[in-house]
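Please view the sequence and structure first.

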Amino acid sequence: MTAPTTETDAAQAYHAFLAALADADEYAAVDVAVRLLDAGVPAERVLLDLVAPAQTEVGERWARNEWSVAQEHAATHISERVVAAVAAHVNPRPTRGRVVVACMDGEWHALPPRLVAEVLRLRGWQVTFLGASVPAAHLVSYLHRHDAHAVALACALPMRLPHAHRMIEACRRSDVPVVVGGRGFGVDGRWARRLGVAWAPNAPAAADLVADERALRRVRPADLPHLADDEYASLVKRRGELIDSALADLRERVPAVNDYTPAQLDSTVSDLGYIVDFLAAALYVDDSSLFTEFVGWLAAILTSRGVPAVAVGRSLGHYHQVLRDFPRAARFLADGEAEVAGLRRDVHR
Ligand code: B12
C-alpha cells in the first residue's frame with residue numbers, strides 16, 4: 001500500500017479495514033493498520049481514525065440488522081487484535097505516573113476505554129487497564145494498593161449511570177481524581193456534569209485532562225436534589241414486578257406473544273427490563289431526554305427486526321398506567337410515548 005498522504009489514501013485504508021472486518025479477516029485488518037504505521041501515520045491516529053470509526057460503523061450495521069451478533073463479535077475481536085498490534089508496534093516506555101483505566105461495574109464495552117488506555121500510554125503514562133465490568137470494591141482496593149495519579153472510568157450505556165455514580169464516589173473517597181467518558185454520559189457529557197465528575201469526549205481530551213490535575217479536581221459537586229422524591233429507589237425496588245406485569249399485559253393484548261419461542265420471549269423480557277432500567281437512569285439524572293433517546297433507539301432496533309414501533313408504545317403505556325402516582329416517571333413515560341407516536345407519523349408520511 002502507498003503512504004496515506006492524501007485523504008483518498010486514508011479513505012481507502014478505512015474501506016479496506018472495514019472490508020477486513022466484514023470478512024472476519026484478522027490478518028488483512030492488522031496489515032492495514034501496520035502499513036499505515038510503516039507509512040508514518042502516528043499510532044494515535046491509527047487507533048482513533050481507523051479502529052474507532054470502524055467500530056461505530058459495526059454498531060450501525062448491527063442496529064440496522066444487517067450484521068448478526070456473531071459478525072459484530074468477530075469484528076470486535078479483530079479490532080482488539082489490531083489495537084494490540086498497534087500497541088506492540090510502538091511500545092513506548094512510561095515516563096509519567098500511573099493511570100488506572102476501567103469499565104464500570106456491569107459494563108462490557110471494554111474496547112472504547114482500551115483505545116483511551118493506549119492513547120494515554122502513547123503519551124507517556126503508565127497505564128493499568130482493568131478491562132470490563134470492574135466491581136467498585138475491587139477497583140477501590142486496587143487503588144489503595146497502587147499509587148494512582150488518576151482513574152479513568154468508562155460507561156457506554158446510560159442505564160448504568162446510577163452504578164457509575166457509586167463508583168465515582170468510591171474513587172473519590174480514595175482521593176484519586178476521576179475522569180469519565182463513553183457514550184453513556186451523553187454526547188455532550190451532560191450526565192457527567194449532573195454526577196459532578198470531569199468528562200472527556202474522546203481519548204486525546206482525556207489525555208489532556210489527566211495531565212492537568214487541577215482541572216481534573218476542579219468539578220462542581222453532583223446535582224441530584226430530585227432523588228429526595230424516592231422515585232428512582234422505588235422503581236428499582238419494583239423492577240421485577242413491573243416487568244412481570246408488562247409481560248402479562250402484552251400476553252393479554254397481543255395474543256401472538258403467547259406463541260413466542262423461548263428466544264423471542266427472552267428478548268421481550270430483556271427489552272421490558274431495558275425500559276425500566278433506562279427510565280430509572282433518567283430519573284436518577286432527572287433528564288427526560290435520556291429516556292426519549294433510548295425509546296427512539298429501541299423502536300428503531302425493533303422495527304429493523306420486523307417488530308412494529310407500536311409494540312414499544314404499548315409497553316410504555318402500561319408502565320405509565322402502573323406508575324401514574326410517580327409524577328416524574330409518568331412525565332418521562334408520556335414523553336417516550338410521544339416519541340414513538342412521532343416515529344410512527346414519520347413512517348406513515
Ligand atoms: C462492540 C460492541 C459491543 C461488545 C463490546 C465488546 C468490547 N470488547 O468492547 C458487546 C457484545 C459486549 C456489546 C454488548 C452490548 N451492547 Co454494544 N456495542 C458495541 C459497538 C458495536 C462498538 C463499541 C466500540 O468499540 N465503539 C467504538 C468507540 C471508539 O466509540 P466511542 O464509544 O464513541 O468511544 C470514544 C468516546 O466515546 C470516548 N470514550 C469511550 N470510552 C471512554 C472512556 C473514558 C474513560 C474516556 C475518558 C473516554 C471514552 O473516547 C472514544 C475514542 O475517542 C457499539 C456501537 C458504537 N457506536 O460504539 C455498540 C453499542 C454501544 N452497544 C449497544 C448495546 C445495546 C449493547 C447491549 C445492551 C446489547 C444486548 N442486547 O445485549 C449489550 C450491553 C452489554 C453491557 N452490559 O455492557 C448499543 C447502545 C445503545 C444505547 N441506547 O445505549 C450500541 C450503541 C449499538 C447500537 N448502535 O445500537 N456491545
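A backbone N or O atom of leucine 111 lies 2.9 Å from an oxygen atom of the ligand. This is a predicted model, in which local features need pLDDT of at least 70 and side-chain atom pairs count only at pLDDT 80 or more, while totals for chains, interfaces and linings use all residues. Residues are numbered from 1 along each chain as its sequence is written, and side-chain values use heavy atoms, with hydrogens and water left out.

**Ligand shell**

- The ligand is surrounded by 38 residues, where a residue is near a molecule if one of its heavy atoms lies within 4 Å of it.
- The closest of them are Glu80, Trp108, His109, Leu111 and Trp297.
- By class, the shell holds 24 nonpolar, ten polar and four charged residues; Ala, Val, Leu, Ile, Met, Phe, Trp, Tyr, Cys and Pro count as nonpolar, Asp, Glu, Lys and Arg as charged, and the others, Gly among them, as polar.
- At least two shell residues come from each of H3 (43-63), H4 (69-90), H5 (111-122), S3 (150-154), S4 (178-181), H9 (203-210) and H13 (262-285); helices (H or I, at least four residues) and strands (E, at least two) are DSSP runs, numbered from the N terminus.
- H3 supplies the largest share, seven residues.

**Contacts with ligand atoms**

- The cobalt atom of the ligand has His109 (NE2), at 2.2 Å, as its only protein donor; donors are N, O and S atoms within 2.8 Å of the metal (3.2 Å for Na, K and Ca), and water is not among the atoms, so sites may look incomplete.
- Histidine 109 sits in the loop between strand S1 (98-103) and H5.
- An oxygen atom of the ligand is 2.7 Å from a backbone N or O atom of tryptophan 108.
- A polar backbone atom of glycine 59 is 3.3 Å from a nitrogen atom of the ligand.

**Helix H6**

- In H6 (residues 136-145), Leu139, Val140, Tyr142 and Leu143 are buried, meaning under 20% relative accessible area, with exposed over 50% and partly exposed in between (1.4 Å probe, protein chains only).
- These buried residues fall within an arc of 160 degrees seen down the helix axis, so they line one face of H6; the arc is that of the directions from the axis to the C-beta atoms.
- Exposed residues Ala137, His138, His144 and Arg145 are on the face turned away from the buried side of H6.

**Positive phi**

- Most residues other than glycine have a negative phi.
- Asparagine 91, in the loop between H4 and S1, has a positive phi near 40 degrees and is partly exposed at 42% relative accessible area.
- Aspartate 175, in the loop between H7 and S4, has a positive phi of about 60 degrees and is exposed at 53%.

Definitions and conventions
A polar contact is a pair of N or O atoms within 3.5 Å; within protein, one must be able to donate a hydrogen and the other to accept it, and residues adjacent in sequence count only if both atoms are side-chain atoms.
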